[in-house]
Amino acid sequence: MNHWLMKSEPDAFSIDDLKRKGQEAWDGVRNYQARNFMRDGMRVGDKVFFYHSNCAEPGIVGVAQVATDAYPDPSQFDPKSKYFDPASSRDNPRWMLVEVKFVKKLKRTISLKELQGDPALVEMPLVRKGNRLSVMPVGAAEWRHILTLE
């Protein structure tokens, strides 16, 4: 099993939204590396840290699980969608998504500042300067360590 971190802005889609819905498509990813992680790396059952970004206190707020294999993101074909991509075709879709399901909301936010200051996490992509990916892998040891911080 692999472990992941997926970022969402809480005013767009929060951990509470996922809890209410139960399961949701992770659409709108328009970065090739993040897309490749979803398409080539994620498997049903993989665990995901749900991360709130671009907010007063960015950080890990919950746990989700990959619920489906990757499939074409339908928003790329919708001219009314902000994620529309006229260069993508149904025969050769450019953008993929997975669906994630709610597992739990953490008792508290594990803030980015706390993660950045933790010596056990110095190799984690999230805490490296300049890493702005919305989907990224989390090592098994990092996953276990972060869960102890809750």
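1. A word on terms to start: two strands count as paired if DSSP finds at least two bridges between them. With that in hand, please keep in mind that what you are looking at is a predicted model.

2. Let's begin with the sheet. Six strands form an open sheet in the order β2-β7-β4-β3-β1-β8, and their pairing is mixed. At the edges sit β2 (23-25) and β8 (135-138), each of which pairs on one side only. Neighbouring strands here are turned by 40 degrees against each other on average, direction ignored.

3. On one side, β1 (residues 3-8) runs antiparallel to β8, joined by 4 bridges. With β3, β1 pairs in the parallel sense, over 6 bridges. As a reminder, strands of a sheet pair through backbone hydrogen bonds, either parallel or antiparallel.

4. Some residue pairs to look for on your screen: Trp4 has Pro137 of β8 as its bridge partner. Met6 stands opposite Val135 in β8, and in β3 the bridge partner of Met6 is Phe50.

5. Is β1 covered on one face or on both? Both faces are covered. His3, Leu5 and Lys7 are buried on one side, and Trp4, Met6 and Ser8 are buried on the other. That makes 6 of the 6 residues of β1 buried.

6. Helix α2 (residues 32-41) lies across β1 and β8, at about 55 degrees to β8. Helix α4 (residues 140-149) lies across β1, β3 (47-52), β4 (59-66), β7 (99-111) and β8, and runs at about 55 degrees to β3.

7. Next, the largest nonpolar core, which has 37 residues; Leu5, Met6, Ile60, Leu115 and Val135 touch the most other members. At least two residues of this core come from each of β1, α1 (15-21), α2, β3, β4, β7, β8 and α4. Strand β4 gives the largest share, 5 residues.

8. Which residues does Met6 contact, leaving aside its neighbours within four places in sequence? Among them are Trp26, Met38 and Met42, along with Val48, Phe49, Phe50 and Tyr51. Val98, Val100, Ser134 and Val135 are also in contact with Met6.

9. Finally, the annotation: an unreviewed UniProt entry places the feature "domain: EVE" at residues 2-148. In this model, that span is 21% helix and 30% strand, and its end C-alpha atoms lie 18 Å apart.

Terms used:
Residues numbered from 1 in each chain as written. Predicted model: local features only at pLDDT ≥ 70, side-chain atom pairs only at ≥ 80, totals over all residues. Heavy atoms only, no water. Axes fitted to C-alpha atoms, helices over the stretch in contact; angles between N-to-C directions. Contact = heavy atoms within 4.5 Å. UniProt positions renumbered as here; feature names shortened; annotations may be inferred. Buried < 20%, exposed > 50% of the residue type's maximum accessible area, 1.4 Å probe, protein only. Core = buried A, V, L, I, M, F, W, Y, C linked by side-chain atoms within 4.5 Å.
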